[in-house]
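Please open the structure in your viewer and keep the selection panel at hand. The stops below are meant to be followed in order.

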Amino acid sequence: TVTFNNGSAVNQHNWVLVRAEDKAGVVADGTGAGPANDWIKADDPRVIASTSLLNPGDTAEVRFTAPEPGTNYQFVCTFPGHDASGMFGNFQVSP
């Protein structure tokens, strides 16, 4: 279980977990998916787990089976422009 708290006072954010090599494609396809889809392409098999788009101050939990240890994963906000401004990070699964 991951608990994501949107600590922003003004911006909406989501939390999307992907393999590191898939991040750019997921972000690009999320832009095309638009706000009605929380900036995430529907049924995208590259998305391991995600929250909906959260308003400032909101919190969400997402439950998922931990992905394979030893693979490079990243979490990212797919709201347009947020990845480019550094809203992503590494996600490590321990054996």
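Throughout this tour, buried means under 20% relative accessible area, exposed over 50%, and partly exposed in between, computed with a 1.4 Å probe on protein chains only. The model is a predicted one, in which local features need pLDDT of at least 70 and side-chain atom pairs count only at pLDDT 80 or more, while totals for chains, interfaces and linings use all residues. Residues are numbered from 1 along each chain as its sequence is written, and side-chain values use heavy atoms, with hydrogens and water left out.

**The sheet**

Begin by selecting the strands β3, β2, β5 and β6, which in that order form an open sheet with antiparallel pairing; helices (H or I, at least four residues) and strands (E, at least two) are DSSP runs numbered from the N terminus, and two strands pair if DSSP finds at least two bridges between them. β3 (47–50) and β6 (88–91) stand at the edges with a single partner strand each, so one side of each has no neighbour in the sheet. Neighbouring strands are turned by 25° against each other on average, direction ignored, where axes are lines fitted to C-alpha atoms (for helices over the stretch in contact) and angles run from 0 to 180 degrees between N-to-C directions.

Now walk across the sheet: β2 (residues 16–19) pairs with β3 over three bridges, and L17 has A49 in β3 as its bridge partner. β2 and β5 are joined over four bridges, with V18 opposite Q74 in β5. Four bridges also link β5 and β6, and here Q74 stands opposite N90 in β6.

Which residues of α1 are buried? They are K23, V26, V27, G30 and A33, and because they cover an arc of only 115° around the axis, they lie on the same side of α1; the arc is that of the directions from the helix axis to the C-beta atoms. An α-helix has 3.6 residues a turn, so residues three or four places apart point the same way. Turn to the other side of α1 and you will find A24 and G32 exposed. Just after α1, G34 takes a positive phi of about 80°.

**The nonpolar cores**

Select V2, F4, W15, L17, A49, L54, A60, V62, Y73 and V93, the ten residues of the largest nonpolar core, a core being a set of buried Ala, Val, Leu, Ile, Met, Phe, Trp, Tyr and Cys residues joined through side-chain atoms within 4.5 Å. β1 (2–5) and β4 (59–62) are the elements that give two or more residues to this core. Apart from it lies another core, of seven residues, including V26, V27, I40 and V76.

**Two loop residues**

In the loop between β1 and β2, pick S8, which is buried at a relative accessible area of 17%. Leaving aside neighbours within four places in sequence, S8 is in contact with H13, P56 and G57.

Finish at D38, in the loop between α1 and β3, where the relative accessible area of 25% makes D38 partly exposed. Not counting residues up to four places away in sequence, D38 touches N14, S52, L53 and T78.

Definitions and conventions:
Contact means heavy atoms within 4.5 Å.
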